[in-house]
Amino acid sequence: MDIYKFAISPLLFNVVKTDPEWLHQQTIRSFSWLSQTPASWANQRLQKSLCLYDSRLEQNLFGLNFPNPVGLAAGFDKDGVAAGIWSNLGFGFAELGTVTFHAQPGNPRPRLFRLPLDKAALNRMGFNNLGAAAMATRLKYEKQELTHLIPIGINLGKSKVTPLEEAAQDYLDSFRLLKDLGDYFVVNVSSPNTPGLRSLQDASMLSAILNLLQQENIAHKPIFVKIAPDLECVAIADIISLAKTYQLAGIIATNTTIRRDGLKTQVINQTGKSPQEEAGGISGEPLRDRSTEVIRFIWQQTQGQIPIIGVGGIFSPEDAWEKITAGASLIQVYTGWIYEGPLMVRRILAGLLSKLEQNGLNSINEAVGLEVKNKK
């Protein structure tokens, strides 16, 4: 029996009602400690319990080898303090950040809320992090001491103090510090928690950012753009066009949503207000269908020529399979992992192998976009 899912999670979420941000800080602290002792007995036990290796799950994409398609989404390890641990927890890749050029405290607390009735979270963290220079120092040290067994991405955001018209330079400054330390990079212009940030998804604003980054990108590191689920099809089509123009590695679909329709939660305990009255982005199950729609749209518009990393509402093998067959080459989890616990990744991977067998497929790569292909 999965003790976390059936005993620990209900206790933490419904009985003890621990502050989610405090709990996250304690968790990342523990992972950071484990990350510094890679050969420890604890890490060996984690690998044995949580990892599943099978060549059918491997993919080589944009020059990187992914042992499996399930990654950790940005937001969990904001400062890259546990970069060495994620492979031991079963992930096929991990994305650090969001990191900004200037260190910043983020928005006032409380700023992270669980919505257990909806299997969701509401956050308005505001890119709280120690800054790009601090991350660079840490990753340089880790590079000397540890070997990363999985691709490590770095998610870049705009500093709150930087005016929107200077955003491109702000992203460039972070990229210059970190460009040799990440395996791929993500331009995050879709968080709802930094004032005006989503306006950078506009074609002219985004074009300026991508132009500067690719001029600096002499090593041809894969660069992605992460988009919001709330964009209209025309805006997504504009971003697809930019992705082609600036030879991006792909698109991450999607960030959190500002929509509130269909939520079961009436009142958030920490504030006594409804989710509709609280600022921030919703992640988890309420995001699942919309993020899949966006993935499907991008796949259809590009004929599968632009790789997609799908994220939003993944809790089960069925959720993962739906994202992949809609067009996602890789998927990322965060909220689902919090609710389902550390065994979730292994469960999803085992489920994906079963799906491959049921469909007579030899590799996960053959499943990408399968739903769209079958409709032709």
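Q: How many aromatic pairs does a search of the whole structure find?

A: A pair of aromatic rings is described by the distance of the centres and the angle of the planes. Searching the whole structure gives 16 aromatic pairs; rings of Phe, Tyr and Trp (its six-membered ring) pair if their centres lie within 6.5 Å, and planes under 30 degrees apart count as stacked, over 60 as edge-to-face and the rest as tilted. This is a predicted model, with local features needing pLDDT of at least 70 and side-chain atom pairs counting only at pLDDT 80 or more, while totals for chains, interfaces and linings use all residues. Residues are numbered from 1 along each chain as its sequence is written, and side-chain values use heavy atoms, leaving out hydrogens and water.

Q: What kind of pair do Phe-62 and Phe-66 form?

A: Their planes stand at 75° with centres 5.6 Å apart, so the pair is edge-to-face. Phe-66, at 1% relative accessibility, counts as buried, whereas Phe-62, at 25%, counts as partly exposed (buried is under 20% relative accessible area, exposed over 50%, partly exposed in between, with a 1.4 Å probe and protein chains only).

Q: And which geometry do Phe-315 and Tyr-339 show?

A: With centres 6.2 Å apart and planes at 45°, this pair is tilted. Both Phe-315 and Tyr-339 are buried.

Q: Which residues do ring pairs link into a cluster?

A: The cluster consists of Phe-31, Phe-76, Trp-86, Phe-91, Tyr-334 and Trp-337.
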